Amino acid sequence: MEISNFDLSIWRGDANGGDLVSYRVPVREGMVVLDAVLWVQANMASDLAVRWNCKAAKCGSCSAEIQGFPRLMCKTPITEYGSQVTVGPMKAFPVIKDLVTDVSWNYKVNKEIPPFTPSEKDLASSEPWRMQQQDVERVMEFRKCIECFLCQDVCHVLRAHDLKSAFYGPRSMVRIASLEMHPKDVLDRRPLLKGNAGIGYCNVTKCCTEVCPEHIHITDNAIIPLKERMDDEYFDPIRSIVRLFRRKAGKPTA
Ligand code: SF4
Ligand code: SF4
Ligand code: FES
């Protein structure tokens, strides 16, 4: 049932620049922002570029900035915004066209994270692996990530300072946490965290946690425990002395 009309301002443009364009959209009960954008595409602007797939908040494709706040378009009812709303592309990534951004950098850094690595003994064993339920639950939270990259978009290190060459961002911290805290993984990714992943750039503002549509406790459950492991390894005075001796003896240190 048609209830009323609604002003939808969509950023239109490409890498060379663009501007907001207003569209009058008929509102239907239960309509989300993605419905309104697709209505514009079907009825008023067939060249409007928008990325989406599941319309169920599960594929992570329809990330955008709604009233300047990173959200999934398919999970955002337009009734939250009165009679007007503005939709734009994520600002932390290069625009391709309209609402579509180039998020390929995230996949590039993802490849730099060493994958799940069990011990030789576990690999050779024909027995089922046994794990504590609480260990399983701890990493299950991280596996809910749908790679929407909204957390990357809101993170000031990537967004305001564009430090992509120095910091992998919160989504990657979630992936690293899922591996580091896996009870059957034996690889030590702390050198990566200290080096290329740049965890030291995170100052725990928690903005990433606020925007996560999967409600992953990115800072409390992933980043802070990873930082604590880093502190134990790199800022514990006894370990520092051991590392100093190893360096002097020409032995490898992390
Ligand atoms: S808590 Fe860290 S990773 Fe998350 S938004 Fe803030 S600086 Fe970025
Ligand atoms: S951690 Fe949350 S906000 Fe970040 S990419 Fe995954 S689902 Fe999206
Ligand atoms: S369309 Fe899949 S998350 Fe929105």
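These questions and answers cover the domains, salt bridges and ligand shells of a predicted model.

In this predicted model, local features need pLDDT of at least 70 and side-chain atom pairs count only at pLDDT 80 or more, while totals for chains, interfaces and linings use all residues. Residues are numbered from 1 along each chain as its sequence is written, chains are lettered from A and ligands numbered from 1 in the order in which they are written, and side-chain values use heavy atoms, with hydrogens and water left out.

Q: What makes domain 1 and domain 2 the domains of the chain?
A: Domain bounds come from an automatic or database domain assignment. That assignment gives 2-101 as domain 1 and 104-248 as domain 2. Their centres, taken over C-alpha atoms, are 32 Å apart.

Q: How do you know which residues belong to the contact of domain 1 and domain 2, and how many does each give?
A: Contact means heavy atoms within 4.5 Å. Domain 1 gives 16 residues and domain 2 gives 16 residues.

Q: What is meant by the area that domain 1 and domain 2 bury between them?
A: Buried area is the accessible area (1.4 Å probe) that two parts lose on being put together, summed over both. For these domains the value is about 1,300 Å², with 58% of it on carbon and sulfur atoms. On the side of domain 1, P70, A92 and F93 supply 41% of the area buried against domain 2, more than any other three residues.

Q: Why is the pair K58 and E214 called a salt bridge?
A: The term requires a side-chain nitrogen of Lys or Arg within 4 Å of a carboxyl oxygen of Asp or Glu. The N to O distance for K58 and E214 is 2.8 Å, so the pair qualifies. Between domain 1 and domain 2 the count is two salt bridges; the whole structure has 19.

Q: What makes D7 and R24 a link between separate parts of the sequence?
A: The closest N and O atoms of this salt bridge are 3.2 Å apart. D7 lies in strand β1 (residues 2-14) and R24 in strand β2 (residues 17-28), so the pair ties together parts 17 residues apart in sequence. Strands here are DSSP runs (E, at least two residues), numbered from the N terminus.

Q: How do you know which residues surround ligand 2?
A: A residue is near a molecule if one of its heavy atoms lies within 4 Å of it. The residues around ligand 2 include C145, C148, C151, R171 and C212. By class, the shell has nine nonpolar, no polar and two charged residues, where Cys counts as nonpolar and Arg as charged.

Technical notes:
Helix = DSSP H or I, 4+ residues; strand = E, 2+ residues; numbered from the N terminus.
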